[in-house]
Amino acid sequence: MTHIAGKNVLLTGASGGIGEYIARALAKQKANVICVARSQAALEKLVTEIEQAGGKAISIPFDISKVEELPSLVEQVTQTIGSVDIVINNAAIEKYRPFQDYSLDDIRSTLTTNLISGMELTRLLLPDMIGKGSGHVVNIASGSGKKGAPYNSVYSASKAGLIMWTDALRQELASSNVGVTVVCPGYTQAGMFLAFGLSAPKMARVSQPSDVANAILRAIEKNHGEVMLDGFLTKLLFSYIQLVPDFGDRLYRWIGLTKLNQTRAFNQMSGGK
Ligand SMILES: NC(=O)c1ccc[n+]([C@@H]2O[C@H](COP(=O)([O-])OP(=O)(O)OC[C@H]3O[C@@H](n4cnc5c(N)ncnc54)[C@H](OP(=O)(O)O)[C@@H]3O)[C@@H](O)[C@H]2O)c1
């Protein structure tokens, strides 16, 4: 059981989307929230809001894709607020394309932001957590890491990588008193999904970002290894799809997910994004 109150929590991707909700929920539970993202103005606005509500937060504008510079982020945090107790690797990017239309830079930037930066940040923070005999690593993955999302294949690969890395790390740290959790949100009424600008496929549940944030806090407190946001039936369905991927392909076509993602890719490409 990890108590969140009084803990220093480093949260990447705090400037918008689900990250903002996680920051607010952490501050409400009396954590000291270290809000990291590139957009300085958005971070400062969030920190002001948290402080006005009586919480504690600081903002550190930082581009986590510059992985070689992550030691300076850790040093900045340590000097400003002290050692990190909990890290939440939440920042991510996604870009929809038929796979052959990605550039090498698209592949590299997605894997770096979504996977390598979280690994490197955790690698830098872990020795201190292990030494203290307490800490928690939370990686925000996605249902797309459980079943590949067509036209979002690089993002899916990054999230699958995050899930398996977390799974291995949890086993390595089993006797260390450092908790490790992967959270797999489904469609969430915030951030990337809203930017998507299209409705969810038929039968897909859309979660509220505050529910995702609360589930993350619960997972830290109870040291859950893996959390899937869309309930037990979705968990069963994803397990079955692992056994029979062709069934999953048909299901994704039937609920309209494949077509939706293709439309998203088309829209992004014609908008030049
Ligand atoms: N929304 C959904 O439906 C959904 C579903 C499944 C999983 N997820 C996962 O949930 C997490 C949050 O998603 P979201 O929807 O809130 O996304 P979002 O609104 O796009 O927010 C992503 C966050 O990451 C930050 N970020 C991106 N690149 C960065 C970089 N190089 N350095 C530092 N920060 C960076 C962004 O801030 P700046 O641009 O200011 O840097 C932003 O704060 C992600 O891991 C996502 O994969 C979301």
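Guide: Ala, Val, Leu, Ile, Met, Phe, Trp, Tyr, Cys and Pro count as nonpolar, Asp, Glu, Lys and Arg as charged, and the others, Gly among them, as polar. This is a predicted model, in which local features need pLDDT of at least 70 and side-chain atom pairs count only at pLDDT 80 or more, while totals for chains, interfaces and linings use all residues. Residues are numbered from 1 along each chain as its sequence is written.

Visitor: Which classes make up the shell around the ligand?

Guide: The shell holds 14 nonpolar, 13 polar and two charged residues. Of the 29 residues around the ligand, Gly13, Gly17, Arg38, Ser39 and Gly191 come nearest.

Visitor: Which helices each supply at least two residues of that shell?

Guide: Helices are DSSP runs (H or I, at least four residues), numbered from the N terminus. Here helix 1 (17-28) and helix 6 (191-196) each supply at least two residues.

Visitor: At what angle do helix 3 and helix 4 pack?

Guide: Axes are lines fitted to C-alpha atoms over the stretch in contact, and angles run from 0 to 180 degrees between N-to-C directions. Helix 3 (residues 70-81) and helix 4 (residues 104-132) pack at about 50°, with their axes 10 Å apart. Helix 3 is therefore oblique to helix 4, since angles under 35 degrees count as roughly parallel, over 145 as roughly antiparallel, 65 to 115 as roughly perpendicular and the rest as oblique.

How values were computed:
Near = placed C-beta within 6 Å.
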